[in-house]
There are 2 protein chains.
Amino acid sequence: MNDRIARLRELLEQPLLVTDPTNVRYLAGFESSNCALLVEDDRVRLFTDFRYIQAAREVDGVEAVLTKRDLISELADELSGRVAFERVLPYGLYEVLRDGGLELVPTSGTVEKLRAVKEEGELEQLRRACAVTDRVFERLTGVPFVGRTERDVSWDLAQLFHEEGGEDLAFESIVGAGPTGSRPHARAGNRKIGAGELVVIDAGCTIGGYASDYTRTFATGPLDNEAKDAYQVVLRAQQAALDGIRAGISGVAADGLARSVIDESPFAGKLGHGLGHGLGLDVHEAPRLSTESSDVLEPGNVVTVEPGVYLEGKFGIRIEDDVVVTPEGIENLTGFTKDLIEVS
Amino acid sequence: MNDRIARLRELLEQPLLVTDPTNVRYLAGFESSNCALLVEDDRVRLFTDFRYIQAAREVDGVEAVLTKRDLISELADELSGRVAFERVLPYGLYEVLRDGGLELVPTSGTVEKLRAVKEEGELEQLRRACAVTDRVFERLTGVPFVGRTERDVSWDLAQLFHEEGGEDLAFESIVGAGPTGSRPHARAGNRKIGAGELVVIDAGCTIGGYASDYTRTFATGPLDNEAKDAYQVVLRAQQAALDGIRAGISGVAADGLARSVIDESPFAGKLGHGLGHGLGLDVHEAPRLSTESSDVLEPGNVVTVEPGVYLEGKFGIRIEDDVVVTPEGIENLTGFTKDLIEVS
């Protein structure tokens, strides 16, 4: 069995039933929407249904167990004793296990804690995903924006990621022009992009399952002073965070590095989200950089650093890099420029 | 407020906290990865965070309530009394609500029950998604297969769906050639497609959020007799199901219509999954057609009919249509041919 299972066992006080599909993928290299991994001291069982059982049998060091589609019911019948489960488990499936007579111990963040500290092989995948994303953003600056819809540009991104070697999109690309950009998570819509607007582009791809996640904000022609000032504030806020993040800083303090720059500017209070989040097999994972975070950064964490300013009904600006936390500071995986780029 | 909320209220014995994002979308026409809808007799509240609050405020007939990112904690503080919640809620969030002093009633399938019976407007979206998918499969027959990878063909599908007007892919397309096809849910991989193979293509798109979901199995040149026979068995199994499905039949009986054809053939036992599933805002929703189903079909259900035969290490065959259940039988939304098509 691999080293990850060995490291997980050191954290366990009883057998752990892993049901989060990304956690199963991390531990066993096995991808399925219907699976569970039971990690005990002396054995590891991988449960899945007919559709995935062939792949499960190819996983080294685990016993593949065929179940019916209703996998948790079968586990409730088969297992006994004291078993930890992940709090992401739906309540209804918890009930099924409970009614099967198991002594259940809720846990959270155990596998996520391992995942948050990347191994060299994982960093390599992330570097590759970021290299692809650098090339895509570079090529995107040559694409026409004005007069086309946000959705059109989103499709350009899909094509560019494919051409540059991204395996999949890491998430549905955000293209938020003008007022759309002031909604940090608006999807690309049918609004036509106008001249003199700010366009928030938030996109990434996966390599070997590992995600990149960049944001840049382009201008479609000359901007008014408010927009230009806001761009510089976001840029300064991001630089302050990049300069200050290193192992040992808390997620709250990292967030504060950028937030304080914005809150001391005319755009005080306009960063409505956290500074960033861990990045790996999931686009949002541990650790968190935010006012609500309870994390402390460790060497090998990979996080986004993405301050923004959002003026409702007017525009949004966000600048996001992906960085590796090191003992002394960061390794910035993002090469693409942060100068304000004018596109046509 | 809309008719769906009114119909939901008739099913409720206490306020319902809806946390499933697709259920929220169905009831309120609001899309977010972090939201909850509290439906009471006299009011409906839509909770979401900063990123989505502008969109929430545009929803008719609901009170939009801004929360922090940790939305459920805030609900635990704000709400009181007896509240039903959906069993899909993660156990950890259930704990948060419980510790807030709420009297919690677990429920399942309430909104899903409404969603399973489509309104005319929903059927219209599904017909459009299927019309796009018909054109995509038609064009796919002209694409080169042999010597290219499954992933290449999967990308062709993405481009064709985009060109024909699909808004998004309904799911990651499956392209399973030769032995890959014998794994019903294998993703498209880097295996090169050979001549004389069967290629399972399972793909669909969304229109207005509503998903199509087709499967066809193409041949890359002449097949051996076993493969040809298996194709005819799957075709006969599907036709038996299409002929017999109507309102009033159980999900188990519908499944049996196709399964019995396969089980009386030389490929007995080789249909390892259920016959089909409901289709709508989710690609897999109520009702289910399977040996484990507890559903009875109603007029207005939209279901897939997708028998298959899987010979481990050799090939898979699956043929899947999308149909509307009517009092007398079905309306088949899938126009694309089921003849065995040879591609090059």
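How many residues of chain A are in contact with chain B? In this predicted model, 40 residues of chain A are in contact (heavy atoms within 4.5 Å) with 40 residues of chain B.

Local features are given at pLDDT of at least 70 and side-chain atom pairs at pLDDT 80 or more, while totals for chains, interfaces and linings use all residues. Residues are numbered from 1 along each chain, chains are lettered from A in the order in which they are written, and side-chain values use heavy atoms, without hydrogens and water.

**Figure 1. The interface of chain A and chain B.** The two chains bury about 3600 Å² between them, 51% of it on carbon and sulfur atoms; buried area is the accessible area (1.4 Å probe) lost on putting two parts together, summed over both. On the side of chain A, A:Gln54, A:Tyr91 and A:Trp155 lose the most area to chain B, together 19% of what that side buries.

**Figure 2. Polar contacts and contributing elements at the interface of chain A and chain B.** Across the interface, 16 residue pairs are in polar contact, both residues being at pLDDT 80 or more. A polar contact is a pair of N or O atoms within 3.5 Å; within protein, one must be able to donate a hydrogen and the other to accept it, and residues adjacent in sequence count only if both atoms are side-chain atoms. Two or more residues each on the chain A side come from α3 (53-57), α5 (91-99) and α8 (150-164), where helices are DSSP runs (H or I) of at least four residues and strands (E) of at least two, numbered from the N terminus. The largest share, five residues, belongs to α8(A).

**Figure 3. Salt bridges between chain A and chain B.** Four salt bridges cross this interface, each a side-chain nitrogen of Lys or Arg within 4 Å of a carboxyl oxygen of Asp or Glu. In the structure as a whole, 60 are found over all chains. A:Arg183 pairs with B:Glu58 (2.5 Å, N to O). This pair joins two chains because A:Arg183 lies in the loop between β8 (174-177) and β9 (198-203) of chain A, and B:Glu58 in the loop between α3 (53-57) and β4 (63-67) of chain B. A:Arg87 likewise forms a salt bridge with B:Glu95 (2.4 Å, N to O).
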